[in-house]
Amino acid sequence: MTPDFEPTQTPEDPQHPAPAPAPAPLPLPPANLNFSPDLSRLEHVLAQVTGELMRERRLERRWRLFGRVAWFLLALAVIWGLVSSQRGKASVPSGPHTALVEVRGEIASEGNASAENIVTALRSAFEEKNAVAVVMRFNSPGGSPVQAGIVYDEARRLKALHHKKLYAVCEEVCASGAYYMAVAADEIFVDKASIVGSIGVLMDGFGFTGAMDKLGVERRLITSGANKGMLDPFSPLKPEQRALAQAMIDQIHQQFIGVVKEGRGARLHEAPDTFSGLFWNGEDAVRMGLADRFGSLDSVARDVVKAEDVVDYTLQENVAERLAKRFGASVGAGAVHELQAPVLRR
């Protein structure tokens with residue numbers, strides 16, 4: 001008897017099962033379905049905000065990287081400046097040479113031409129066994145009498161201690177406090193057009209009392225001494241205080257005159273206006289005995305010292321010092337200086 005089968009069925013093979021029926025497709029949305037315009041606008045705004053945030057993050061990372069690189073370069077410059085700074089002589093040749101110490105700019109305790117810098121350079125130059133002689137080259141209008149006096153005394157001491165000659169070479173200007181230093185030299189050399197002299201002392205300042213009266217400003221200065229507010233620019237200058245100040249600078253002037261006479265000796269041809277504060281060109285300075293002869297650094301090294309190699313012992317300002325001055329508290333110091341108490345200058 002044969003089994004009965006449905007006409008649409010086939011026998012199932014256990015090793016080749018029949019494939020599962022395919023899932024029925026999802027129903028399509030109606031053709032007339034529209035998305036909300038507010039939803040599309042929100043997606044656009046979110047995309048813009050996300051883009052801006054990403055751009056800000058990238059910009060922030062770039063600036064952070066730039067800042068780190070800048071600080072690294074700054075630190076590297078400072079370290080390089082400290083390591084490579086020249087405090088005294090830089091490189092000294094093995095043979096005989098002429099030692100040079102520059103005096104440039106205003107002579108002041110906080111400047112490059114301070115007594116500390118110049119004296120340190122002079123000591124290094126005199127102590128070097130290969131330095132045949134020392135030359136101080138000047139291009140300075142003067143400055144502090146105290147700083148000039150310190151250099152003068154130390155230069156004379158070093159000459160006697162090391163038994164070496166000291167020469168002064170005056171370039172454009174060697175006046176007032178600079179000339180005070182120069183007379184410590186054994187000889188002074190100038191150019192025909194150099195400005196030399198100005199043997200005098202001044203004390204300068206300002207008075208604002210007239211302007212205060214016009215503006216109706218009252219100065220309230222309380223002191224515990226009769227002369228404590230002496231030379232205050234916002235108070236009237238009393239005759240007795242003027243006399244005291246004049247006596248003080250006259251005394252310093254006499255000190256200056258004594259140093260010039262001591263340094264120049266019989267070579268000085270004193271005239272009525274020699275110590276009047278006037279200055280002269282190099283030709284007149286030689287004639288008056290304020291200088292000895294004409295010459296330059298090269299000619300002195302070659303013809304007088306007999307050692308043409310010149311080594312500069314001047315202290316050089318390093319990178320760290322320049323950065324400190326640029327970014328330090330010295331900003332505006334020039335304006336403040338003009339409003340401070342008068343400063344003595346030679």
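User: Helices here are DSSP runs of H or I with at least four residues, strands are runs of E with at least two, and both are numbered from the N terminus. Where is alanine 271 found, then?

Analyst: Alanine 271 is in the loop between helix 6 and strand 7. Before going on, note that this is a predicted model, where local features need pLDDT of at least 70 and side-chain atom pairs count only at pLDDT 80 or more, while totals for chains, interfaces and linings use all residues. Residues are numbered from 1 along each chain as its sequence is written, and side-chain values use heavy atoms, with hydrogens and water left out.

User: OK. Is alanine 271 buried, exposed or partly exposed?

Analyst: Alanine 271 has a relative accessibility of 27%, so it counts as partly exposed. Buried is under 20% relative accessible area, exposed is over 50%, and partly exposed is in between (1.4 Å probe, protein chains only).

User: And how far is its C-alpha from that of methionine 288?

Analyst: The two C-alpha atoms are 8.1 Å apart, with alanine 271 and methionine 288 separated by 17 residues along the chain.

User: Switching to alanine 148. Where does alanine 148 sit, and how accessible is it?

Analyst: Alanine 148 belongs to helix 3, residues 145–162. Its relative accessibility is 0%, so alanine 148 is buried.

User: Now the strands. Which way do strand 1 and strand 2 pair, parallel or antiparallel?

Analyst: Strand 1 pairs with strand 2 (residues 131–140) in the parallel sense, over 8 bridges. Two strands count as paired if DSSP finds at least two bridges between them. Within this pair, threonine 98 is opposite alanine 133 of strand 2.

User: What about strand 2 and strand 3? How many bridges join them?

Analyst: Strand 2 is joined to strand 3 by 6 bridges, and they run parallel. Valine 134 has leucine 166 in strand 3 as its bridge partner.

User: How many residues of strand 1 and of strand 3 are buried?

Analyst: In strand 1 (residues 97–104), 7 of the 8 residues are buried, so the rest of the structure largely encloses this strand. In strand 3 (residues 166–175), 7 of the 10 residues are buried, so strand 3 too is largely enclosed.

User: Next, salt bridges. How many are there?

Analyst: The count is 18 salt bridges. A salt bridge is a side-chain nitrogen of Lys or Arg within 4 Å of a carboxyl oxygen of Asp or Glu. As background, side chains of opposite charge can pair when their charged atoms come close.

User: Which residue does aspartate 292 pair with?

Analyst: Aspartate 292 forms a salt bridge with arginine 267, and their closest N and O atoms are 3.2 Å apart. Aspartate 292 is in the loop between helix 7 (282–288) and strand 8 (293–294), while arginine 267 is in the loop between helix 6 (239–264) and strand 7 (279–281), so the pair ties together parts that are 25 residues apart in sequence. Aspartate 292 is partly exposed at 21% relative accessibility, and arginine 267 is partly exposed at 30%.

User: And what is the partner of arginine 287?

Analyst: Arginine 287 pairs with aspartate 284, with 3.4 Å between the closest N and O atoms. The two are 3 residues apart in helix 7, so about one helical turn separates them. Arginine 287 is exposed at 54% relative accessibility, whereas aspartate 284 is partly exposed at 25%.

User: Which residues are joined into one network by shared partners?

Analyst: Glu102, Arg104, Arg137 and Glu171 are linked this way into one network of salt bridges. Elsewhere, glutamate 218 and arginine 220 form a salt bridge of 3.6 Å, N to O, and both of them are exposed.

User: Last topic, backbone angles. What is phi for serine 176 and for histidine 163?

Analyst: Serine 176 has a positive phi near 55 degrees and is not a glycine. Histidine 163, also not a glycine, has a positive phi of about 55 degrees. Most residues other than glycine have a negative phi.

User: Are those two buried or exposed?

Analyst: Serine 176, in the loop between strand 3 and helix 4 (177–182), is buried with a relative accessible area of 3%. Histidine 163, in the loop between helix 3 and strand 3, is exposed with a relative accessible area of 71%.
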